[in-house]
Amino acid sequence: KIASSFSIVPPTIIKATKPASYHYQQQNFIMSSPSSSSALNAIAQEEEEEVEIPPKEILDELLKTAIKASRAAGDLIFMNIGSEITHRKANSRDLLTTIDPLCERTIKDIVLEQFPDHDFLGEEDVPPGKEASAAALKAKLESSSDYLWIVDPIDGTSNFVHGMPLCMPSIAVAYKGNVVVGVIFDPHRDEVFAAQKGQGARLNGQPIQVSGEEESKLGDAIVAMGSPPAEESMEMSLRAIQLLMPRVRTIRMLGSAALMFAWVACGRLTCYWEYDLSSWDVSAGYLLVMEAGGSFTNIKGEPWDLTERKIVASNGLIHDEMLQTLEESNVI
């Protein structure tokens, strides 16, 4: 088994700063000199923190498995888009189809075949509601395994049900509580967004970065946000949109957190914020945005971790303005 074959290789300690620019060559990540002022600014803004990560060869196997599982689930999504609703979870806007658990089982089987000793947290294993989500994550983080796979089998289920090609799997791997691998696969556009801790972010193998100086002010920004099903989150979103809409270039609600994170990472969106998301909604997107040179905090501007549910992800250049606007909106 791969897990045991690498067991004699000790983990490494790195200074967890955002990478600048990387080349992708023969499935190995080779760092090159910085090529973006925005990436340099992002590096300068981030506090250095010692983070323990697995050896590179294990990271590569984690990434390879995450991509394989994402593609398998993505194929199911692509072939079954428009499936009928089988269950409503927290409320009439929180949907489930027969394909959601099928995608999760497919991902889990691929992961555990390769890494039988790893732990697994999937959305479909957890009862609805933020309390259940937080409790499930806490239990997993306190388990004996150093590795935790955090999975949303279909992010954007409402889009999936209505036949909109804005739905996809999101897979992250946390090592000792820190996300070290993230993959978001868009099966409708055949786009694999992937990141490893300290190795940059890529789209179909090519390096990506967040948007730059052309979107350095909030007025130039394309900001994404959600249309959340829970009443409290809905109220906070309505508060924020009243101030945001006249201040930004435009607002987009795409119905998939995974897609919006991926699009921030590659510069298609400037910023994405949300009042309440679970760990499976966020984890892969967090690593993508950070490794692409962006900023990622809670709505108070504090560093994000797996237990944080309120998020702001941006190109870094408009981050402070975005946080200020949310504060003025009384989003708490």
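The legends below go with a set of close-up views of one predicted model.

**A few ground rules for the views.** In this predicted model, local features need pLDDT of at least 70 and side-chain atom pairs count only at pLDDT 80 or more, while totals for chains, interfaces and linings use all residues. Residues are numbered from 1 along each chain as its sequence is written, and side-chain values use heavy atoms, with hydrogens and water left out.

**View 1. The whole chain, for orientation.** The protein chain has 10 helices and 18 strands. Helices (H or I, at least four residues) and strands (E, at least two) are DSSP runs, numbered from the N terminus. Of its 332 residues, 56% count as buried; buried means under 20% relative accessible area, exposed over 50%, and partly exposed in between (1.4 Å probe, protein chains only). Take the contacts between residues at least 6 apart in sequence, and 70% of them join residues at least 24 apart. A contact here is heavy atoms within 4.5 Å.

View 2. S14 (residues 222-225) pairs in the parallel sense with S15 (residues 250-252) over 3 bridges; two strands pair if DSSP finds at least two bridges between them. Look for Val223, which sits opposite Ile251 in S15. To get from S14 to S15, the chain goes through helix H7 (residues 231-244), and this β-α-β crossover is right-handed. That label applies if, with the strands pointing away from the viewer, the path from the first strand over the helix to the second runs clockwise. S14 also pairs in the parallel sense with S16 (residues 271-274), again over 3 bridges, and here Met225 has Trp273 as its bridge partner.

**View 3. The seven-stranded open sheet.** Follow the order S7-S8-S9-S10-S11-S12-S13 across this open sheet, where the pairing is mixed. S7 (119-122) and S13 (206-207) are the edge strands, each with a single partner, so one side of each has no neighbour in the sheet. Further in, S10 (residues 178-186) and S11 (residues 191-196) run antiparallel, joined by 6 bridges. One spot to check is Asp186, opposite Glu191 in S11.

View 4. The structure holds 7 aromatic pairs. Rings of Phe, Tyr and Trp (its six-membered ring) pair if their centres lie within 6.5 Å; planes under 30 degrees apart count as stacked, over 60 as edge-to-face and the rest as tilted. In this pair, the ring centres of Tyr147 and Tyr175 are 4.8 Å apart with planes at 45 degrees, so it is tilted. Tyr147 belongs to S8 (residues 147-155) and Tyr175 to S9 (residues 168-175), 28 residues apart. Tyr147 is buried at 12% relative accessibility, and Tyr175 is buried at 5%.

**View 5. Phe296 in the largest nonpolar core.** This core has 47 residues, and those with the most contacts inside it are Phe193, Phe261, Tyr272 and Phe296. A nonpolar core is a set of buried Ala, Val, Leu, Ile, Met, Phe, Trp, Tyr and Cys residues joined through side-chain atoms within 4.5 Å. Helix H8 (residues 257-265) gives the most to the core, with 9 residues.

**View 6. Asn315 in its loop.** Asn315 lies between strand S18 (311-314) and helix H10 (319-328), and it counts as buried at 2% relative accessibility. Its side chain makes a polar contact with the side chain of Ser211 (3.1 Å). A polar contact is a pair of N or O atoms within 3.5 Å; within protein, one must be able to donate a hydrogen and the other to accept it, and residues adjacent in sequence count only if both atoms are side-chain atoms. The Asn315 side chain also reaches the backbone nitrogen of Ile318 at 3.3 Å.

**View 7. Gly156, a buried loop glycine.** Look in the loop between S8 and helix H6 (157-161) for Gly156, which is buried with a relative accessible area of 9%. Leaving aside neighbours within four places in sequence, Gly156 is in contact with Leu166, Cys167, Gly255 and Ser256. The C-alpha atoms of Gly156 and Ala258 are 8.2 Å apart, though 102 residues separate them along the chain.
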